[in-house]
Each structure stands twice: as C-alpha cells, then as structure tokens.
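Me: I've got a model open and I'd like to learn how to read its features. Could you walk me through some?

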Amino acid sequence: MTEGAASGASRNGHPEPGEPIAVIGAGCRMPGEVTGFDAGFFGISASEARALDPWHGVLLEAVWSALEHAGIPPRALRGSETGVFVVAGPGAVELLAGRFDLRGPCARVDQGRAPEAVHRAAWSLRRGECALAVACAVVPGNGCGVLVLERLDRARADGDRTLAVLGAGGSAEGPLEAVLALREGRVPAGYGGPGAAMPRPRPGFSAGREHVFALSAHTEQALRRRARDLVRWLETPAGRAVEACDLAAALAVRREHLDLRATVVAAGRGGLASGLRAISIGATAAQVCRGRGEGAGGAVFVFSGSGSQWPGMGRRLLTGEPAFRAEVEALEPVFLGTAGFSLRKQLRQAGKQAGAERSGMVLFGMQLALAGLWRAHGVEPVAVLGHGAGEIAAAVLAGALEIPDGLALLGSGARQVLPGPPRLACYSGMPGDPDPVPLRAALATAMSEGHRVFLEVSPHPIALAAVRATAVEEGVPGISALPSMSRYAGRREEFVASLAALHAAGHATVLGRRYPDAPVLDLPEPPWPPTAAGPAVPSQAEPAGDGTVFELGWERVPSSEPPPGPSRTWLLLPDDSSTALKQSFMVAAGLALRGDRGYALPQDDAEELPAVLAELSTDRSSPLAGVVLFAGSLAEYRFPELAQHLLLTVTEVVRRVTELGGTLPRLWLVTAHGTAVLDGEPGEPGLAFLRGLVRVLAFEHPGLHATMVDLDGLTGTGALPAELRAGRADDEVAWRRGERFVARLRGVTLPARRGPVAGAGAYVITGGLGRLGPLLATWLAEQGASRIVLCGRGGAGAEARAALAGLRAAGTEIELVRGDIAAPGVAEAVVAAATAGGLTLRGVAHAAGVLDDRALIEVDGADLARAWRPKVLGGWRLHKATEGFELDWWLAFSATTALFGAPGRVADAAANAWLDALVRWRRANGLTGTTVNWGAWDTGPGQRADPLAEPMAPAQCLAALSAVLAGDRPATAVACVDLPGALRTFPGLARRPFLEALAREGRPDPLYLPSV
C-alpha cells in the first residue's frame, strides 16, 4: 500500500469511496511516430479509414498498446464491463467501445479537461460500475495517451504490475501527461508511487528445460518485425535480466495471439535469439514452428503398441513435468496393488525391464500418464485409436475399461473382456472385438470423418509414419502428426515442440495451461507500421522520416604484394570460352611464381569437379585456399539467355563446394570489363549481375566469403595472383589501370527538387496490372500525362479497375495491353499503343517482376526462369523496342536485394542486378536510364515481405521517385531499412567492408522527400 493512500478495505464486497486506483498500463503515440494507422489490423476497410479522423485511428493503436503494456490480451476484454473515458472529438468513444467490444460505462470529456477522464474512470471503478477502465486523451498535434486503470486490491490479487497509484481527492495529470511522465521514469503529478511489488510464484519447471516462446501478428511483415524487435530487446538491460521461463510465460499469457503465429522452442537465450532471427527473415529453423491459428480442432490420441518403450523413459518427465508426475503418483497405488511393482521406480529405471509382461504394463502406465499430461494442458481427445497393445490404453481413456482390468489383461495376455460403452469415438479394434481393424484402415476412417490432428501417446513415435503415409494415400491435406516423446538422447523435447505446434495451429489452451502465472514485462510495443490509411495517393506527399536512401560507390584503395607464405592450392575453373581458359593458365603461372599451386580444370572436364574438390581438399601439404571461376569475354554473355546459363554454372559450383563441409575455400568470381566503375564505362549486364550472387551468398554461405573481381585490359590478369593471395576482406573489387577499387554502400540525401517529372505525352508501365500499376498511373495522371499504357500478363483486380476507371473519367487515356513483356512482339505492341496518333512517348517504367524465394543451392533452371524472364528478358525487349526514342526517362523498378542481398532471394537479386547494369549501359551509350532499388511498398494485405526492409507508404515512395527522376540520378536505393538491426541479426555482415561506412555511422543520413 502506498503511503498516504486510503485503506482500500471493502464492506460487503463494495469498494469504499477512497479505494486507491492502480495505473497498470500506459500507451501513447506522438506526432513524430504517426503518419497514418493500421486500419486493416482493426478490420476497418479502406473507405472507412478515409472517412475516419486519423487521430481516432491512432487512438485505437494506443489503446491496444496500453493493454499489452498492462499484460492484458485486448481480445480477452470482449464483452466485458470495461469503462471507456475519452478526451477526443465526437465518435471516439463509440469507435473504441465498438472495435474492442467494451460494454462498461463510457463518457467523452471536452478538450482542455483531460484530468477529468482519469477521475471519472476512477469514480466508476470505486463504485463497482466496471472492473477495468481506459482513460484516453487525444490532443491533435501533440499526441495521444492512454492509461489502463484498475482497483489496487484487484491488481494485486491478479498479479498485475502497478505503475502508479491514484488516491482519493486531489488533481491528477491527464492521460497524455501521465504517460509521458511514466515514459521518463517519473511518478505523474497527483499520483503516488507503486509501492512494493507482491511476490509471484514461479513456474514449476526445472532449470534448463525448453520453453515455448510465442509470437503472432496479422501480417507476415508485422510478424517479422515482432521477432526482430524481441531479439533486440533481449540485448537490452531489461531483456538480459529476464529469466527464460518468465519471458515464455509473459508471451503466452500476457499477449494477444493473432492469426499469423510463430513459436520458438528453446532452453536458453542463444537458441531463442537464433529462432527469432530466422522468423525475422522468413527463414526456417528446427526450433521454429509456424501456423495460421485457424484452430487445431480436436485431437485423436493414437496409442501405439509394443516397441516404443525404452529404459528410463519417464525420468525426465518425472523431474521436469509436474502434471506428468501427478499422473504417475495417482497410478502408483493401482500398480502396487494390481501389478505388484512401483510404476514410478520402473519409469526411472535405466536398465532393461524384466520380462515382456512387466514391460507391457510399464508402457501402459507410461501412456496413461502421457495422456494425463496432454489433458493437463487442455488437449482433450475427441477420439482414440489403438494399435496392438496400445488398444488397452485407448480403451481405458475412452472409458470402456478400468485401469485394473487393463493391467489384468496385460498380465494374462488375453484380449477377450466385456468392456463398457466408450465415452469417445474409438478406431481400431478394442479389447473384445474379434476382428481388429488394421491401423491404416482405421486412420483412413478417422480422416474421412474430419479428424486432422493425431497425437501419438507413446514414449517414442512408431505410428506417425503410418499417419503421414495414410494422409498421402487418401489425399487428405492439412494433417498434423505430432509425437509426445522421443527416445533419442540429445534431441529436443518432443512434447514441448508438439505443444508449440498445437499453439501455432490455433489451439486455445496449451500455452495458458503450461504457464498459468506470468509476470508483466516491458516488452517491445506492437509494430505499428507508419502507413497511410488507404490506397489513395495524395498529391502532396509528406517527408518519410524513417526511410533511407543508399547508393553504391567505388573507392580507390592502395594495394601491395602480400609477403610469401606457406604453399596453398587454387582450383581454377574457366568457362567454355578460350578467353577464360587462357586467363586461368596465366593465373596458374603467376601463382606458381609465388610458391602456390594453380589447378586449372577446363570446362570439358567439368564432370570431374566433385572428385577434384575432394582430392584437393584433403591435401594437407598444400591446402585448398580458393575456388576461382573465370567468366569469358563481353560477347559471351551479352544476351539474357547466355547470362542465365552463367548463373546456373555458378550455382552448381557453389553447390559442389558447400558439399565439402568444414572450413570452406573462398569463392572468387572473375570477370573482365563487366562492371561500370569509372565514369563513362558501360560495363556488361551479362557479367555485372554476378554481384547480386555475391551479396546473397554473404547471407546464405558466409563461410565461402564469395568475392567478385573485375579486371580491365590494362591491368589484365597480372594483378589477380596477388589479389587472391592477399585474402583481403573486400568482396567487390575492380582493377583499373593498375589501381585497386572497392565497392562501398553509402547513405545519401536526395536534394530538394520541385516541379513535375511528367506531362503531356504518353507513358508506358510494364507489370502495370498489379498493385503498383494503378499507383504509378495515378501519379502520372496528376502531373498531366495524356496517355498511359499499362502492360501485364493477368487481368486487373477490382480495386485497380476502379482506380483506372476514375482516371479515364478525369480525362486521361488509359490503354491496357495484355501480354508477357518478355514474349516477342509484346514490347513493340506496347510502344505502338503509346505512340498511336503521333503522340510522343516520354517515359517508360519497367515494373514487371516475379518473386520466387529459393536458397542458392536449391535454384534450378525453372526457378531462375520465373524471376529472370519478366525482369531481365522483359527489360531487354523493352530496351530494344524503345532505344530509338528520345525519352525523358527510362525507369527500372529494381529491388534492394540486388544492392545488399537477402537470404533466399538469389534469383531476384541476380535479375535485378542485371537490370541495374542495363541502366548503366544505356547511360554510357547516350540513352536515358534510371534504376531505383526499392524496399517494400505497402500495397496492402497479401504483399510479399522483404527480409530486411519495412514497407513504406506509396506516397512516400512516389515522392522519392520524383526526387530521383528530377535529379537524373542513375541509381538510387530507397528503403526503410534499420541497418543496425540488420547487422545485429546477421553479425557477420558487419565484418564486410562493403557495409563498413554505414555500420560505423550506425545509420545513414535520413531520407528527405520533397513534395511531389
């Protein structure tokens, strides 16, 4: 009790007038944090969002944040008598009460009387009109604050955290001021301190056991942000001070579980952080489980027969699972009285069981105890399925047989009894049935009757293979086959992993039962995206304060010959050109002069690569230091189809090298005149695209330290032996006129440019019938474009058709060309449609593309073609169809994956890197060209998440595009990237000099976006 507060004693259960009120949660949004609100999260349509006061939408987010801060899952309050007291404009109270389904007293307080919202909430709590109340204040231009209030005695009884205490009488600060004070670690004016915290019981799990850490969100991007925020929080002082069991409990009980779910099963912080990093980039990991939370449905308990038992099978559960131990203790007197031995002792016993009869009884007891463990977590069987000796345990659980009778049957070996009527659906032959149904037939019957979740209740899974095989044979999708345990020492705890899988699938109670008591922790706030409420593009875009602009630059650095060292071997792999073969021989000679060995393997002998790698990697006298792949002359890969072949060649080499395991040799990709380094150099897209692979490999196979070296004619291959032997950390290197250049990523600021970048004339948009096309068309039409031709393979959606119809109605000519821009003749048809009637073609935007996530070593020709065809071949055909026109701009919609990589995006990174190089080639040959490496555009639900970039509002992206085009910049990256966070997620990247400037600065210059 806070000193000076009223006693809080109640008479006949009713609170006294002076009952102290606890502040148990707080949330706010400040002007710098707000550029819109997440309408879709609250089920608000785009049209409703446009009609809503933006600050009222932000109020919804602040209330949700405050409830999470209080450790209250917001949806748990649906239908409750929670009070709502708001300082805001008309409609705010109704909005909050309706969207959260709060049915307690409600009141709106006039602006300027914010403290009254707090006092009225306290009065209602003291009178017993509500058990919980939210007091809110919206001050347009200043912010939005929310307090969650509860009677102090109830807060202590419920284990809620108390931030401050409001006593009777006096004047208290309003919600916004109070929240700001709490943010600063101060007790707000008119409030008392929280006093001493009440002791809280700890979960009954032994140290070192695995826990389930649950995350959820409503979109994949938000889920990734939650994981990224949590792994960063673990590194803070507050995060380091929290025990693993407390964090798991808080995530399980004190957070809302939304539809898109992910779980991490881990015993310690290292495993948790590793799993969270995997979620943050959309990768898979052994300890991670994902699900849609659509409801797991009832489970069929599968009791398999003899063969699943093993010595000491119950020891860990007896020690670490209180519910299992309680079940064994309840069975103990039955086993002592009927079977004549201690079940507890047998389950702990490490040696082999004495005789098949006792072994069967122990397995029977183990299965009953495991069933009790599942039921203690709220997992009740809707049916049972027995197989072999497991039929007896199934019959007991179904209520058809008593435990002593089951033991008697196992003791006699008989199966003929008169069981009672079962309380559950039973599959397979039960005791007394003269014709047991075969296991797969029983499984097929259960699946045909709608069952989708099968839990094997045994100490080791021996029936789950049959479950999965039956699902395949019967063509039944969505089957979950989960074990209870595994006999293999050192493996993860299968019971905990299955709990995690059930939660991810939507089971309502498994985690709440596992963690019945949880602390309230200061976890990261919900990841509210700073997005516009609807799809409309405003004519005046606001600056995007949280975005970043990057560019790739080349720096001249000194070089020197490395000192002599122990002999090493280099495997030299020329492509099938005579140029590359000659280069490999020259480099081998240069290495020999320096005491190293160069082993050249011509393309004709490429099938010997695995054997050669195996031989060289085991030679201890001259260890294999590197694998060097030489790409031939410029003409070899001028056309997209030839460059695609080169990409597949490199992926095959990577696949073979990574199969070696252990410490891998470094991979070098050598080109000549492929990269545009100095002003005026055209480069060659068919070679330059390899930098996209280098950047992806930095994520997927950092041990390879993949490096690209581009040579010019004056330097030739003479510099290469020294470059290889020096082993410097740079991974993008170019030699020009005997001087060494290295690539660096740097932050830049877009200059303030005003005035339109479009006007009267015709414009072309490829990939125009997707989500970006209508946005770009609207942006062009607002600047006076006369005709806009949109090309795409599919049809426009309803929202796109409506937007384009609106542009037509406003006087802009809109032409649709259905077709694959990569197919012969389509690009020419698009240009013809644009220039029909003599209209001038002024601008081209190549936005066609297909995203196909696949790790580099898994990519095959079909995977590559899906990404390569629209982006590369389509870009090439569009370039050829328009190279005779004098354009204001020729714009390539590229991606950040080409600039700094991303895991699982090799095809996308390579294709976009090719497109970036095409723009450089166009500019060097006197044509217009601009490429923008975009992060994620927030185009609404269902968009593909970017592993490293948060989505940006379309208005912000279009403002950046205007600045880029007005400044005639050749290449720019625009993405909302938290680079320090990315470096924490992938710490190895911080050691790559390519990122050293940004890693050193912590964050590039902020993105300045002038008005459109």
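Me: Let's begin with the rings: how many aromatic pairs does the structure hold?

Reply: Rings of Phe, Tyr and Trp (its six-membered ring) pair if their centres lie within 6.5 Å; planes under 30 degrees apart are stacked, over 60 edge-to-face, and the rest tilted. By that rule there are 18 aromatic pairs here. Take F41 and W528: they're edge-to-face, 5.1 Å centre to centre with 90 degrees between the planes. That pair links distant parts of the chain, 487 residues apart, with F41 in the loop between β1 (21-29) and α1 (46-51) and W528 in the loop between α20 (510-514) and β15 (548-557). Helices (H or I, at least four residues) and strands (E, at least two) are DSSP runs, numbered from the N terminus. F41 and W528 also belong to one aromatic cluster with F42, W64 and F100.

Me: Before we go on, what kind of model is this, and how are residues numbered?

Reply: It's a predicted model: local features need pLDDT of at least 70, side-chain atom pairs count only at pLDDT 80 or more, and totals for chains, interfaces and linings use all residues. Numbering runs from 1 along each chain as its sequence is written, and side-chain values use heavy atoms, leaving out hydrogens and water.

Me: Are F41 and W528 buried or exposed?

Reply: Buried means under 20% relative accessible area, exposed over 50%, and partly exposed in between (1.4 Å probe, protein chains only). Both F41 and W528 are buried.

Me: How do I read two packed helices?

Reply: You describe them by the angle between their axes and the distance between the axes. Axes are lines fitted to C-alpha atoms, for helices over the stretch in contact, and angles run from 0 to 180 degrees between N-to-C directions. Here α23 (residues 640-658) and α30 (residues 861-882) have axes that come within 10 Å and cross at roughly 145 degrees. On the α23 side, the contact (heavy atoms within 4.5 Å) includes L647 and L648, while α30 brings W868 and W876, among others.

Me: And which residues of α27 are buried?

Reply: Helix α27 (residues 772-782) is mostly covered, with 9 of its 11 residues buried. Among them are L775, L776 and W779. The cover includes β23 (762-766), β24 (787-792) and α33 (954-966). Just after α27, G784 takes a positive phi of about 100 degrees.
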